[in-house]
Amino acid sequence: MTSPENAPAPKAPAAAPGTVGTPDAVVPDTKDWTWVLERACPDCGLDSGAVAREAVPGLIRANAEAWVAVLSGDGEALRRRPRPETWSDLEYACHVRDVFRLFHVRLNLMLDREGPDFPNWDQDETAVAERYGEQRPDAVAADLAAAARILADAFERVTDEQWRRTGNRSDGARFTVESFARYLVHDPVHHLYDVTGERV
């Protein structure tokens with residue numbers, strides 16, 4: 001997981017390997033991933049800092065199409081975790097859907113207010129509360145595609161002056177709309193790599 005927003009949820013006992021794991025068996029990710037704005041990710045291969053802001057909507061839409069393809073697979077396989085501490089393909093897809101939704105909310109905050117502070121979001125707590133591993137793949141695919149479309153359309157409407165507007169995360173990270181857009185695209189791209197093993 002690549003977008004921790006506040007304190008992680010406690011770790012629960014791990015599920016058996018090769019089974020549909022309990023949502024809270026995942027080891028929380030507490031790393032600060034803003035470094036992806038400074039250098040290419042050695043894992044997924046995306047150089048977020050080199051992404052043109054005008055390219056972000058297209059990248060979001062293309063990524064969503066790839067997730068919809070992933071979610072068309074066998075439901076049992078989509079729910080199966082490769083390791084107890086690693087999300088299943090379905091859980092990753094649910095996370096990406098919610099990241100698209102979250103970043104749309106935060107984008108609107110930056111456009112509507114002066115230097116807003118973003119409300120905290122605990123991705124691991126959300127995965128447990130929303131029971132990611134039990135959701136229907138077809139419904140997740142539809143919701144992910146819709147959330148991606150809304151976010152991509154919102155970025156396409158950003159004007160030249162608005163790209164310089166700012167927002168603040170609770171850990172002190174400060175973004176412009178432009179750096180926020182580049183930071184965003186790494187998350188769903190990296191998680192697609194987590195699931196498919198294919199680098200950009």
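The model is predicted, and the values given here are computed from it. In it, helix 1 packs against helix 5, and a search of the whole structure finds ten aromatic pairs.

**Helix 1 and helix 5**

- Two packed helices are described by the angle between their axes and the distance between the axes.
- Helix 1, which covers residues 56-70, and helix 5, which covers residues 137-156, pack at an angle of about 175°, and their axes lie 8 Å apart.
- Because angles over 145 degrees count as roughly antiparallel, helix 1 is roughly antiparallel to helix 5.
- On the side of helix 1 the contact includes V56, P57, I60 and W67, while the residues that helix 5 contributes include L144, L151, F155 and E156.

**Aromatic pairs**

- A pair of aromatic rings is described by the distance of the centres and the angle of the planes.
- W87 and Y92 form an edge-to-face pair, with 5.5 Å from centre to centre and 80° between the planes.
- W87 counts as buried because its relative accessibility is 2%, and Y92 counts as buried at 8%.
- F155 and F180 form a tilted pair, with 6.5 Å from centre to centre and 45° between the planes.
- F155 lies in helix 5 and F180 in helix 6 (residues 177-196), so this pair ties together parts that are 25 residues apart in sequence.
- F155 is buried, with a relative accessible area of 1%, and F180 is buried, also with 1%.

**Aromatic cluster**

- F155 and F180 belong to one aromatic cluster, which F103, F118, W163, F175 and Y183 complete.

Terms used. Residues numbered from 1 in each chain as written. Predicted model: local features only at pLDDT ≥ 70, side-chain atom pairs only at ≥ 80, totals over all residues. Heavy atoms only, no water. Axes fitted to C-alpha atoms, helices over the stretch in contact; angles between N-to-C directions. Helix = DSSP H or I, 4+ residues; strand = E, 2+ residues; numbered from the N terminus. Parallel < 35°, antiparallel > 145°, perpendicular 65-115°, else oblique. Contact = heavy atoms within 4.5 Å. Phe/Tyr/Trp six-rings, centres within 6.5 Å; stacked < 30°, edge-to-face > 60°. Buried < 20%, exposed > 50% of the residue type's maximum accessible area, 1.4 Å probe, protein only.
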